[in-house]
Amino acid sequence: MSLADKYPQEVKKIMAKYPPEQKRSAVMPLLYLAQRDKGFVTKAALEDIARMLDMTTTDVAGIVGFYTLYHDQQAGKYRMQVCTDLPCALRGADKFLEELCGNLGVKVGATTPDGMITVEAVMCLAGCDKAPMFQVQSGEGIAYHENMTMDKTMELVAALRKSGKEVK
Amino acid sequence: MPALLLRHRDIPDIGKLDVYNKNGGFEAFKKVVTSMQPQEVTDVVKASGLRGRGGAGFPTGVKWSFIPNNIWPHYVVANADESEPGTFKDREIMECNPFQFLEGVAIAAFAVGANAAYIYLRGEFWTMAAILDKKIAEMEKTGLLGEKLFGTDYSLQIYTHLGAGAYICGEETALLESIEGKRGQPRIRPPFPAVYGLYGKPTVINNVETLTNVPLIIEKGADWYKSMGTADSAGVKIFSLSGHVNQPGNYELPFGTTYRELIYKCGGGVTDDRPVKAIMSAGASSSFIVADDKALDTPMDYASVRTLGADLGSASVIVINDSVNLEWVINRTIHFFKHESCGKCTPCREGCYWMMHLVERIEQGQDVLANTELLYSVAKQMQNKCLCPLGEFATMAVTTAIERFPADFKPSLAGGQHG
């Protein structure tokens, strides 16, 4: 099913943001929409968006490849993206990430066996004064979690696992 | 002094439209649309001495005056990409005082004759974009945006556009490419965005904080604004303070406040009561300032910071105490720039790649002196050769760490002391 059939309201709203002769501008919001279902952009979605915007599939794939928040591979339902950039690192982000990986039993970049959580180390998220901090990216969007302790983080993990199973 | 930009700290509900309106909200926008010529608005902003808060410090009114009146339509783009490590001021404005920012966007649009404005937010600011979309909808509903505003012929729409994780999109021409649905890679200039911007049309691009100053300048006048700050740096600035301080956060201060006041008075002093070793004055893109008494007592304004061999930039102050080796610090910043280099120009793409490998060798203690020399040479060769500032930024911390803190690149120390 194409994006336009599945999300007619959203697609209409996105297209209305840009001048009609500049519809290529809609590629980024449409890719977010395409990620909503599975958390990554499928080949079929690439082709669908390319058709909609008069782009080549390669062009659309080039956008997916360039920007870090688009994914062309399945990962965990929730991507926990921990900032380990300089300001966060000065406030213990490395240790936090290591502990998180230890508690989840995965390495950075890997997904928990239940397919729920992927742990990633990412660049600055503009939360430098609230380290340790991370964002959780899912198909639904992105949420920040700041001034985190390991206890609070593991509570969140439990909550994510619960809601992740419910919406499956 | 009550806050001018972070006004939510004095007026907690200023993020609500009725509260913002009760506190003079949108009076300035109404005033410019109903009683001023666009040129007059630009003149007031020019006279106020307001300079761009994104880092470059270019005079805002002058930027607006570059927009030609023989090519149409015009666009205003707000740069809400905020991706510099150590910078987190624009998000607080958008989260807590969004209407003052949106009013600034609207006034800028009127001043340059734009009927459409885009706010480019980094993709991670998903929640901030949702907040702004809601606020924009409220403005449309109450006649502050849309067709024929306040009974005049002036119309304006504001849209948000989310990026998707690319530091380079804070560079204004890469940002424009990104709105156009392309990879965020900088354009070759000239032509400059003022003439050939979004969709090839004249475009003004301003930082969020810059625009948030504008409503107050219109309301209270250029002289009032100029009465704050220093001769070359008028007004107030939000300093994002991070790193080894007890109370990191945003502090709105007049230009000319010293580093000592920021770190010790606002920031509550240094972590573990250790001495400050180095200051990064403009996020990861900084030269390192040796934090001696002279530096700590230096006023934070564009000209004074330059005397320390550094730049004020976006005023993202990262404090580093003496528990950390700067070789470790530049390892972090180089990894950042290597990851964020867009790949378009060779000096940056290859230079960042090699700097990363060399600093890794140093980190592992491999032939430290020779590899430090080579790292320095690679950084120097990148300088003045990159297509956009990213490549230059990548080298600043590297060259100044080696020049100003040579002791941190001794074989016995490398790879030892970490944060």
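## A residue in a loop

Val270(B) sits in the loop that links α11 and β7 of chain B. The model is a predicted one, and every value given here is computed from it.

Which residues is Val270(B) in contact with, once its neighbours within four places in sequence are left aside? They are His244(B), Val245(B), Ile263(B), Val276(B), Val319(B) and Asn321(B). A further pairing concerns Ile320(B): 50 residues separate Val270(B) from Ile320(B) in sequence, while their C-alpha atoms are 8.6 Å apart in space.

## Helix α11 of chain B

Helix α11 of chain B covers residues 259-266, and its buried residues are Tyr259(B), Leu262(B) and Ile263(B). Seen down the axis of α11(B), these buried residues fall within an arc of 85 degrees, so they line one face of the helix. Ile263(B) is also one of the contacts of Val270(B).

The cover over the buried residues of α11(B) includes β5, β6 (249-254), β7 (276-284), α12 (293-296) and β9 of chain B. Just after the helix, Gly268(B) has a positive phi of about 70 degrees.

## Helix α2 of chain B

Helix α2 of chain B, residues 27-35, has Ala28(B), Phe29(B), Val32(B) and Val33(B) as buried residues. Their directions fall within an arc of 125 degrees when α2(B) is viewed down its axis, so they line one face of the helix.

These buried residues pack against α3 (38-48), α6 and α9 (208-220) of chain B. On the face of α2(B) turned away from the buried side are the exposed residues Thr34(B) and Ser35(B).

## Strands in chain B

Strand β2 of chain B, residues 114-121, is mostly covered, with 6 of its 8 residues buried. How many bridges join β1(B) to β2(B)? Strand β1, residues 74-80, is joined to β2(B) by 7 bridges, and the two run parallel. Within this pairing, Ala78(B) has Ile119(B) in β2(B) as its bridge partner.

Strand β2(B) is also joined to β3(B), by 6 bridges and again in parallel. Here Tyr120(B) is partnered by His161(B) of β3(B). In a regular strand, side chains alternate between the two faces of the sheet.

## The nonpolar core

The largest nonpolar core has 184 residues. Those that touch the most other members are Leu31(A), Val105(B), Ile107(B), Ala108(B), Ala117(B) and Met355(B). Helix α6 of chain B, residues 98-112, gives the most to this core, with 11 residues.

Which residues does Met355(B) contact beyond its neighbours within four places in sequence? The contacts of Met355(B) are Ile334(B), Leu375(B), Val378(B), Ala379(B), Ala394(B) and Val398(B).

## Domains of chain B

Chain B is divided into domain 1 (7-226), domain 2 (236-321) and domain 3 (326-409). The C-alpha centres of domain 1 and domain 3 of chain B are 35 Å apart.

Between these two domains, 9 residues of domain 1 of chain B are in contact with 8 residues of domain 3 of chain B. On the domain 1 side, the residues comprise 6 nonpolar, 2 polar and 1 charged.

## Chain A

Chain A has 8 helices and 4 strands, and from the N terminus on its elements run α-α-α-α-α-β-α-α-β-β-β-α. Its C-alpha trace spans about 50 × 35 × 25 Å along the principal axes. Of the 168 residues in chain A, 40% are buried.

Chain A is divided into domain 1 (3-66) and domain 2 (78-166), whose C-alpha centres are 28 Å apart. Among the contacts in chain A with a separation of 6 or more, 60% join residues 24 or more positions apart.

## Where the chains meet

Chain B places 39 residues in contact with 34 residues of chain A. On the chain B side, the elements giving two or more residues are α7 (126-141), β3 (157-162), β5 (236-243), β9 (316-321) and α14 (326-340). The most comes from α14(B), with 6 residues. By class, the chain B side has 16 nonpolar, 16 polar and 7 charged residues.

Methods:
Residues are numbered from 1 along each chain as its sequence is written. Chains are lettered from A and ligands numbered from 1 in the order in which they are written. This is a predicted model: local features need pLDDT of at least 70, side-chain atom pairs count only at pLDDT 80 or more; totals for chains, interfaces and linings use all residues. Domain bounds come from an automatic or database domain assignment. Two residues are in contact if their C-beta atoms, placed from the backbone, lie within 7 Å. Ala, Val, Leu, Ile, Met, Phe, Trp, Tyr, Cys and Pro count as nonpolar, Asp, Glu, Lys and Arg as charged, and the others, Gly among them, as polar. A residue is buried if 20 or more other C-beta atoms lie within 10 Å of its own, exposed if 12 or fewer, and partly exposed in between; C-beta atoms are placed from the backbone. The arc is that of the directions from the helix axis to the C-beta atoms. A nonpolar core is a set of buried Ala, Val, Leu, Ile, Met, Phe, Trp, Tyr and Cys residues joined through C-beta atoms within 7 Å. Two strands pair if DSSP finds at least two bridges between them.
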